[in-house]
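Subject: Structure handover and notes

Dear colleague,

I am passing on the structure we spoke about, together with some notes on what turned up in it. Please keep it open beside this message as you read.

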Amino acid sequence: MTIELSMLVPHVPSICHVDQVPDFQQPMVNAMKEVAKDIEQIKPDAIVLVSCHWPSTFFHYVDGTPIHKGILTAIEAPDLIKDVPYSYPGDEILANELVSAGKDAGLQVQCVNDPYYVWDYGSVVPLRYLVPKEDIPVVNLSVTLAASIEETYQWGQVIAKVLRESQKRIVFVSSGALSHNLVRGRHNKPTIAEHALDKQFVEFVMINDYKSAYQMLPEYARMAKVESGGRHLAMLFSMLEDNCTPSYLADGQSSGSWNALITFEKANVSCNGETTEREYAN
């Protein structure tokens, strides 16, 4: 099978509970509900999700726990996200395949298989909208702070190869923001300079110039404080095939950050029946 759909999704704390979403963030929630309908039609065998709120220090972690079940109170925002239950199946086999492939590629990858591990809100919040029935297996990935953008992209390429060669239908989710220089007051937008970088990045993405968007990441991340240093975006770019179709569905501010919902439909198959991978490093 293949990666049927990839996406960048928001996870701002104030959208965790649908009845508490501010008006200026409502478009993101509405759009995620629509994407949930697309996911339901795809009927994926698994969701692979990288979350900016699972920051690992040295290793790239893959959550291979067979059942993800817990109650989340977010450390950063316990007033907004408190006692939130979740229960999703996992995919231990797929997780182990990813770990093995990462190690074979010379990367420092470890599997987590622990029923007491509690998900972060970067995983829980978007999945509450994207998979509300909690019926699709999920494999979570960390963002690794000791890894450069280049290494993270390489790890993403390894993941993408495994997913494309799998017999499973996959949806890939990158959970994180664009500019992320946080300030108090969720109504606040990024500065004009930060948002100008957001707009340029999005422009590259929307014209399928992923190479320029990727090459922009280091300076963009430094100047606009992109969440996780842009690592979640580097991993997202690893999933994108030639001719995939980006759709910019919604956006909104949250405490000085800019958050976008962008989906990428499956790439067309080339005339020889193969898909092509992108190389952005040079």
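**A strand and its partners**

Strand β2 (residues 46–56) runs parallel to strand β7, and the two are paired over 6 bridges. Please bear in mind throughout that this is a predicted model. One place to look for this pairing is valine 48, whose bridge partner in β7 is valine 139. Strand β3 (residues 60–63) also meets β7, but here the strands run antiparallel and are joined by 2 bridges; in this case valine 62 stands opposite leucine 141 of β7.

Is β7 enclosed by the rest of the structure, or open? Since buried means under 20% relative accessible area, we can go through the strand residue by residue: Val138, Asn140, Ser142 and Thr144 point one way, Val139, Leu141 and Val143 point the other way, and all of them are buried. With 7 of the 7 residues of β7 (residues 138–144) buried, the strand is therefore largely enclosed by the rest of the structure.

**Charged residues and their contacts**

The structure holds 8 salt bridges by the rule applied, and I describe some of them here. Arginine 169 forms one with glutamate 4, with the closest N and O atoms 3.6 Å apart. This pair links distant parts of the chain, as arginine 169 is in the loop between α4 and β8 (170–175) while glutamate 4 is in strand β1, 165 residues apart. Glutamate 4 counts as buried at 12% relative accessibility, whereas arginine 169, at 26%, counts as partly exposed. Glu4 and Arg169 are also linked with Lys266 in a network of salt bridges.

A salt bridge also joins the side chains of aspartate 91 and lysine 168, at 2.6 Å from N to O. Aspartate 91 lies in the loop between β5 (84–89) and α2 (92–104), and lysine 168 in the loop between α4 and β8, so the pair ties together parts that are 77 residues apart in sequence. Aspartate 91 is buried, with a relative accessibility of 8%, and lysine 168 is partly exposed, with 23%.

The salt bridge between arginine 222 and glutamate 219, with closest N and O atoms 2.7 Å apart, lies within helix α6 (residues 210–224), where the two residues are 3 residues apart, about one turn of the helix.

Arginine 164, in helix α4 (residues 149–165), counts as buried at 13% relative accessibility. The side chain of arginine 164 reaches the backbone oxygen of methionine 239 at 2.9 Å.

**Spaces inside**

A search of the whole structure found 4 cavities of 30 Å³ or more. The largest cavity holds about 50 Å³ of space and is lined by 10 residues, with Ile3, Ser6, Met239, Glu265 and Lys266 lying nearest its centre. Strands β1 (3–9) and β10 (257–265) are the elements that give two or more residues to this lining, which is made up of 6 nonpolar, 1 polar and 3 charged residues.

What kinds of residue line the second largest cavity? This cavity, with a volume of about 40 Å³, has a lining of 8 nonpolar residues, with no polar and no charged ones; among them are Leu8, Phe201 and Ile262. The largest share of the lining of the second largest cavity, 3 residues, comes from α7.

With best wishes

Terms used
Residues are numbered from 1 along each chain as its sequence is written. This is a predicted model: local features need pLDDT of at least 70, side-chain atom pairs count only at pLDDT 80 or more; totals for chains, interfaces and linings use all residues. Side-chain values use heavy atoms; hydrogens and water are left out. Buried means under 20% relative accessible area, exposed over 50%, partly exposed in between (1.4 Å probe, protein chains only). Helices (H or I, at least four residues) and strands (E, at least two) are DSSP runs, numbered from the N terminus. Two strands pair if DSSP finds at least two bridges between them. A polar contact is a pair of N or O atoms within 3.5 Å; within protein, one must be able to donate a hydrogen and the other to accept it, and residues adjacent in sequence count only if both atoms are side-chain atoms. On a 1 Å grid over the protein atoms alone, a cavity is a set of points where a 1.4 Å probe fits but cannot get out, and a pocket is an open set with protein on both sides within 12 Å along at least five of seven lines; lining residues have an atom within 4 Å of a point. Grid points are joined across faces, edges and corners, and a volume is the space filled by probe spheres set on the points. Ala, Val, Leu, Ile, Met, Phe, Trp, Tyr, Cys and Pro count as nonpolar, Asp, Glu, Lys and Arg as charged, and the others, Gly among them, as polar. A salt bridge is a side-chain nitrogen of Lys or Arg within 4 Å of a carboxyl oxygen of Asp or Glu.
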